[in-house]
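This briefing goes through a protein model, topic by topic. Look at the sequence and the structure first, then read the points below.

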Amino acid sequence: MEELDVEPAITNIPAASDGKHLGFAWGPGDILAYETLYMAPGSGCSFIHEVRKDEDIYSPILRKLFNESHHIFVGLQTIREDLPSKNKKTQFVSISKNYRSVIRACMEELQQVAETLHPYMKTSVLVLQVSILLAIELIWNLCEVLFIDAAPAGPLLLHLLDWVRLHKGDVDEKAREVLQSESPAEHHDYWDVVVSYVLQGRFEEARQMLVKQATLQPAARNMYKLMDTLLSKMPFYNPGGTQTLTEFDVKWRHWHEEVDRCLQDNSFASNQHLEIICKILVGDEDTLLEHKELLSTWYHFLVTRLLFCHPTVKPTELHYYAQSCMTMFLDLRSVPEPLDSILLAAFEFDIHQVIKDCSIALNNWWFVAHLTDLLDHCKLLQSHNLHFGSNLREFLLLEYASGLFTHHSLWQLAVDYFDNCPEFGHVYLELQIERVPLDTERKALKVLRICEQRQMSEQVRSICKIMAMRALRNNRLGSALSWSIRAKDAAFATLISERFLQDYCARGTFSDLDLIDNLGPAMLLSDRLTFLVKYREFHKLYEENRFSEAAKLLLSLITAKIAPRSFWMTLLTDALPLLEQKEVSHNLFVFSSDKLIVKRLPFSLFTSLCSQN
Amino acid sequence: MCRTDRVPTAGILWLALVVIMFVARSIAADHKDLIHDVSYDFHGRRMATCSSDQSVKVWDRSENGEWHCTASWKTHSGSVWRVTWAHPEFGQVLASCSFDRTAAVWEEIVGESNDKQRGLSHWIKRTTLVDSRTSVTDVKFAPKHMGLMLTTCSADGVVRIYEAPDVMNLSQWSLQHEISCKLSCSCISWNPSSSRAHPPMFAVGSDDSNVTYGGKVQIYEYNENTRKYAKAETLMTVTDAVHDIAFAPNLGRSFHVLAIATKDVRIFKLVPMRSDRKESTSTGPTKLEVQIVAQFDNHNSQVWRVSWNITSTLLASSGDDGCVRLWKANYMDNWKCTGILKGDGSPLTSSSGQPTAMSTIVGSSVQTSQNALNGMSAGR
C-alpha cells in the first residue's frame, strides 16, 4: 500500500513576508520565530514569537488522559510473562478496554468544554481534538476486536456489531425524539429509526417500534405479525452456548430461506417500508446501498452486509468483504481517506500498516505509542529491525515520552516510559532529565532521586554542581557546600571551604554551623573541608572550656598538614590564649610531638610550625 | 453520555493530518535594529538576544510563562552575530561574537536586593578575545565534559579554541588551539557526544564562494597523543557556501548525524570506521564514512540556519523563502517536512504586542485547514 502523503501545515507568524528571513530558536516546548535578515543590511521589526503545538491549549484536559494511561501502561509492563496465554488474553482485553474508557472520558470532558466556548469557534481546535479522539477510539476498538480479542468466526460478527453500534449513537438520539413525540408512528423520522435499528441488528428495539405502527394499521395486522415473527426468529450465534458454528449456520440458512420466501410470495408487497425491511433482512445489496445515508459509513455497510449475508464470516475472509464494501459504498470519484485506509489495513490484519498509517495521519504519539505497546505485549508485532537497531514499539514510546518531558509536571510520567525502553530509554532519559529546570530545591531533589535510583551518576553530579554553583553565586555557602558534597565534587568543596574560612577571618564567626557540625564522614571529601570542620570543632571545644581537648585538636591540625598556609598565623594566634591555661601547658608538655622542645612552649610551637614548611 | 454520532468525516481527519501550531505569545524585544540571534539557556528559562544595534539582552521567563527583560547592554562596536550560553555548571555565563572582530565572555553578577526586586541583573565583561583580524562569525562553547572551552570562527578562516582553566576566574582564558581552515568560516558545531568512544570533534562550515576549493565542510578531531586537532574529513560533495551547521545530539548511536545549511538542507551520516584501536590512535583521526541521508531544496535558494531540537527528533531550517521548515524522520528513517512557519505579511507594530491566543488559534487553524484541503486537492 502506498504511504500516506501529507502536506505540512503552515503556521502564520505576524512578520513581514517579503524580502525578510525568519530566524528561529528551539526551546523546551516551543520554537521562537523572529524577523531577521541573514547576511544583508536592513532594519527590522523586533518581535519574537513563541510558537507552540496546539496540544498546549487543551493540555489540562489531556493531562488526565496522560496520567491515567500512564497508570495503565505501567500495570501492563508488569504482567508476568509466564502466565498461560488464555489468562493473558483476558487481561490484555481488559487493559485495552481500560485505555478506551480513558479516551472516552477525555472526549466527554473536551466536548463539555467545547460546548461552553464562544459559538463562533465552530472550527475550534477543541472540536478538532474531539474528532481525533473519536477516530482514535474507533480504530482502537476495531484493533481490540480483531487483534487482541481475536474473535473467531461466530463471535467475530457479534463484536463487529457492537463496534458499529457504539459508534453510531445518533440512532438513539433520533429514536428518543421520535418516541417523545405525540404520535411516534407518524413522526417523519419513524421509519428511519426502524430501518436503522434493523441495519444494526437491534431487532428487539425494531420490534417495539413496529408495534406502534401495527396498532395504527389494524388492517395490516397480519403483515406486521409476520414481520415481527421474522425479526424474532433471526438466529444470533451464542458463544457461550452448546451450539456449534455449523449448527448455527444451518439454522441461519433456514431462516434466511424463510425470509426469501416471504419476499417471493410478495407478503409485504403492499407496504413499501416492510418490503424494504424484508429485502434488508435477506441481505439485498442494492437495498442496503439505497440507505447510504442511514449507514453513513462503508464499514457500517460492511458489518450490516455480513450480518445478513454471511454471519459466520471468518477473520481471514474479512478483507475481501471490506474491500468490496468500500468500493461499492464510496463514490468512484472520491479518494480513500486516511481513516478508511487505516480501517482497511486493520481488516486485512496488516498491523504494521495500521500503526504506520496512524503515525503519519495523527499528530498524536499517545495513541500509536500505547496501542503498539499493547500489541507488542500480545506478541503481535514481528520485530522489525530499524536502522538504529531499535524496534517500532520503542521508537514510538520514545517519541511520546520525549514530548511529555517538556511539560512542567508530566515529565515524571515520561521516566517510566523510558525505563521500559531497554535499548535507548536510558540514554534518552539521561539527555532529557538534565534539562528539567531546577526551579526549587524540592524539584532538584526530586530529579536527583530519579537519577540516583537509576545509577545516573554523571547526571547526579551535574545537577548538584549546578545547584552548588547557583548557591555560591547567591552567597549561600551552606547550601553550596551541601550540594558540592552531594556532587562529590572535592574541588568545589575545597573552594567553598576556603570561602567559609575567609568569612571567618573577616567576621570572626562561622556561618551555617548546623551544617558544618553535622557533616560526619562527608567532611573527608576534601582536605580543606576536613580542616574547616575540625577548626570549627576546635572553636567549639574552646567555647565549652574544654581546653586540653581543644589544644590537642589544634596540635593535630598543625601536625596533620591540612591547614592552608594562609591559616598558619591564625592557628598560632589561636594557640596563644590556650597557653595561658595551666592544664593546657601541662598537657602540651606531655603530648607534644618529638619535634617540640618541651620547656619553652611558645618557641616550640613556633618550631613545630616551621617544620611543616 | 458521550456523543459518538460525530464519526469523523473525511474533512475532519484531513485536518488532523497536520501538526497544528500557533503563536502563543509575542514578545516585543525592543532592539533598535535587526535581531541576529536568539538563544535559550540550558533549562529554557532564560534567553539571550543579540542585534545589529550592538547590544545583547537577557530575558527571564516567569512562572506564568511571560518574558521579562532583566538586562540590556552594549556589548560590541559592531553588529553582534551570535550569542550563546555556557552550561549552567559554570554559572550564568554568555559569549557573544561580532563584526567588530572580537568575541566576549560575560558573567552575571548577583545584584543588590533592590535590583532583584526590580527584576534586574548585571552582566560584566570577563574577557575580550581579540585574536581575530576579521569579523567573528560564530561562537560556541564546547561540550561541558571538556571543561569551560570556547570556540570562535572568523571570516579570516581561523578557528580558535580557548580555555578557562579556572572556572571560578573567568577573566583568564588561554588560546589552546588555532586551526587554519584556509577558507572563510561561517559556522562551527561541536559534536555533543561525551562518549569515550568518540574523541572531541567539531565541524566547520565555510561560506567562501570560491569553487576551486572543494568541500565547504571540514570535520576536526582531537588526537590524544599529539594533543592537537587534526582534520578527519572534508565533505567534498558540499561545494556551495555553507551558512550553518549542526551536529545532532547523540542518542546512543555509533554514528554521527550532521545537518548543513547551504543551497539546500542536507543531512549527513558520519560513520566511524572500526579499525584496529592501536592503529587508529597513532595514525591520526578516525576514518569516517560519509553518507547523505536527506536533501531538501524547498527553501528555493539559500538556507541560512539549521538547528536540532533538544531530543534530535526534529530539525528546523530557515531559508530565503522566508520560512522556517521542520523536518522529521519516521521510524524507517524517511525524512519529511512536517511543518512550516511563514511570515504572513503583517508584522506587529505596537510595543505591547500581545495577540490573544484564541484569535490566533482560530486564524491559524482556519489557515491550516485551508492549506490542508488545498494541499489535498493539489497533491492528487
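**A strand and its neighbours in chain B**

In chain B, strand β19 (residues 256-261) pairs with β20(B) in the antiparallel sense over 6 bridges. The model is a predicted one.

*Around β20(B)*

- A hairpin is formed by β19(B) and β20(B), with 3 residues between them.
- Within the pairing of these strands, B:H256 stands opposite B:L270 in β20(B).
- Strand β20(B) is also joined to strand β21 (residues 288-296) of chain B by 8 bridges, and these two run antiparallel.
- B:I267 has B:A294 in β21(B) as its bridge partner.
- Strand β20 (residues 265-272) of chain B has 8 of its 8 residues buried, so it is largely enclosed by the rest of the structure.
- B:V265, B:I267, B:K269 and B:V271 point one way from the strand, while B:R266, B:F268, B:L270 and B:P272 point the other way; all are buried.

*A buried serine in a loop*

- B:S79 sits in the loop between β5 (67-74) and β6 (80-85) of chain B.
- With a relative accessible area of 16%, B:S79 counts as buried because the cut-off is under 20%.
- The side chain of B:S79 is in polar contact with the side chain of B:S52 (3.1 Å).
- Leaving aside residues up to four places away in sequence, B:S79 touches several residues, including B:H36, B:Q54, B:C97 and B:F99.

*Where chain A meets chain B*

- The contact involves 108 residues of chain A and 112 residues of chain B.
- The size of an interface is often given as the accessible area lost when the parts come together.
- Chain A and chain B bury about 10400 Å² between them, and 65% of that is on carbon and sulfur atoms.
- Across this interface there are 9 salt bridges and 34 residue pairs in polar contact (both at pLDDT 80 or more).
- Helix α22 (residues 457-473) of chain A gives the largest share of the side of chain A that touches chain B, namely 8 residues.
- That side of chain A consists of 57 nonpolar, 25 polar and 26 charged residues.

*Salt bridges*

- Over all chains the count is 52 salt bridges.
- One of them links B:R45 with A:D439, with the closest N and O atoms 2.7 Å apart.
- B:R45 lies in the loop between β2 (35-40) and β3 (46-51) of chain B and A:D439 in the loop between α20 (425-433) and α21 (441-453) of chain A, so the pair joins two chains.
- B:R45 is partly exposed at 29% relative accessibility, and A:D439 is partly exposed at 40%.
- B:R25 and A:E50 meet through their side chains in a salt bridge (3.2 Å, N to O).
- Both belong to a network of salt bridges that links A:D30, A:E50, A:R52, B:R25 and B:R61.
- Within chain B, the side chains of B:D156 and B:R160 form a salt bridge (3.5 Å, N to O).
- B:D156 is buried at 19% relative accessibility, and B:R160 is buried at 3%.

Technical notes: Residues are numbered from 1 along each chain as its sequence is written. Chains are lettered from A and ligands numbered from 1 in the order in which they are written. This is a predicted model: local features need pLDDT of at least 70, side-chain atom pairs count only at pLDDT 80 or more; totals for chains, interfaces and linings use all residues. Side-chain values use heavy atoms; hydrogens and water are left out. Contact means heavy atoms within 4.5 Å. Buried area is the accessible area (1.4 Å probe) that two parts lose on being put together, summed over both. A salt bridge is a side-chain nitrogen of Lys or Arg within 4 Å of a carboxyl oxygen of Asp or Glu. A polar contact is a pair of N or O atoms within 3.5 Å; within protein, one must be able to donate a hydrogen and the other to accept it, and residues adjacent in sequence count only if both atoms are side-chain atoms. Helices (H or I, at least four residues) and strands (E, at least two) are DSSP runs, numbered from the N terminus. Ala, Val, Leu, Ile, Met, Phe, Trp, Tyr, Cys and Pro count as nonpolar, Asp, Glu, Lys and Arg as charged, and the others, Gly among them, as polar. Buried means under 20% relative accessible area, exposed over 50%, partly exposed in between (1.4 Å probe, protein chains only). Two strands pair if DSSP finds at least two bridges between them.
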